[in-house]
Amino acid sequence: IRCGRTIVTSPVSASEFAAIQIRKSILDGTLEPGARIAQHALASEFGVSHVPLREAIQRLEAEGFLAVHPRRGAFVMPLSVEDAIEIFELRATLEVKALRASMAALTSEQLQIAREICAAGDGITDVVSYGELNVQFHRALYAGAGRPRLLAMIETLWGNAARYSMLLRFKGDHFERSQSEHWDLVEAAVNRDVKRACATLQDHIAAASRKITEIMRRDQAASTEKEADRV
């Protein structure tokens, strides 16, 4: 049950299950950037054969979570400032298109779902929980777009962005600002104010990108300074 509505889930295949588990381990930091995927160990741990595990790895490679090298195996993709900037720029471009296409077609029920999801995010400071609600909220706002290919691309970008959003785990002020912007989006959507909604969304995604790249650059500078001190 979520937001007063029953969510019906369907069984997942062995490859989907493996992909979910590996993705979760990457997002929570259990598998760090650059870590090698121990396929034999994971197949045993998940209780799956090597075929669905390979399918899971191929899927995660396509989503940008893993890099596969012939004869060397699969590795968790390293994080980079350039990659983060590209992902969030693409998100802004495609999500503004989706929101613009969705606004006029959103039903009162769909708007109510977006409002309820937004309310559920008030006060949350856990990055994983907030990230799940964030995706649900934006998905609800774009529900009227009627553009399945566009929405599928956005879903992939959300998966790519999730690794970078984890860097915000200790930044409580970011969640407060994000929530305020979510409520601004709800108000604009209810009033069918397309211009305001699109401008708010553009700024919303750009603010997350700036915060993430700021954290990454600061961490890189600190790491470089430590390396210099060791020499």
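So, K211: if we skip its neighbours within four places in sequence, K211 is in contact with L168 and D173. Keep in mind, everyone, that this is a predicted model. K211 itself belongs to helix 9, residues 194-230. Buried or exposed, or something in between, for K211? Its relative accessible area is 21%, so K211 counts as partly exposed. One more distance for those of you who like C-alpha geometry: K211 and H174 are 37 residues apart along the chain, and their C-alpha atoms are separated by 8.2 Å.

Now to the aromatics. How many aromatic pairs does the structure hold? There are three. Let me show you two of those.

In one of them, the ring centres of F17 and F46 are 6.0 Å apart and the planes stand at 85°, so this pair is edge-to-face. F17 comes from helix 1 and F46 from helix 2, so to speak two distant parts of the chain, 29 residues apart, are linked by the pair.

Y130 sits in helix 6 (residues 127-141) and F175 in helix 8 (residues 172-190), so the pair ties together parts 45 residues apart in sequence. Both Y130 and F175 are buried.

While we are on rings, have a look at F65 too: the charged end of R23 sits over its ring, 5.8 Å from the centre.

Let me finish with helix 3, residues 50-62. Helix 3 has 13 residues and reaches 18 Å from its first C-alpha to its last, close to the 18 Å expected at 1.5 Å a residue. Which of its residues are buried? They are P52, L53, A56, I57 and L60. As a reminder, an α-helix has 3.6 residues a turn, so residues three or four places apart point the same way.

And what covers those buried residues of helix 3? The cover includes helix 1 (14-27), helix 2 (39-46), strand 1 (66-69) and strand 2 (73-76). On the face of helix 3 turned away from the buried side, you will see the exposed residues Q58 and A62. After helix 3 comes G64, with a positive phi near 90°. Thanks, all!

Note on methods: Residues are numbered from 1 along each chain as its sequence is written. This is a predicted model: local features need pLDDT of at least 70, side-chain atom pairs count only at pLDDT 80 or more; totals for chains, interfaces and linings use all residues. Side-chain values use heavy atoms; hydrogens and water are left out. Helices (H or I, at least four residues) and strands (E, at least two) are DSSP runs, numbered from the N terminus. The expected span of a helix is 1.5 Å times one less than its number of residues. Buried means under 20% relative accessible area, exposed over 50%, partly exposed in between (1.4 Å probe, protein chains only). Contact means heavy atoms within 4.5 Å. Rings of Phe, Tyr and Trp (its six-membered ring) pair if their centres lie within 6.5 Å; planes under 30 degrees apart count as stacked, over 60 as edge-to-face and the rest as tilted. A charge sits over a ring if NZ of Lys or CZ of Arg is within 6 Å of the ring centre and within 35 degrees of the ring normal.
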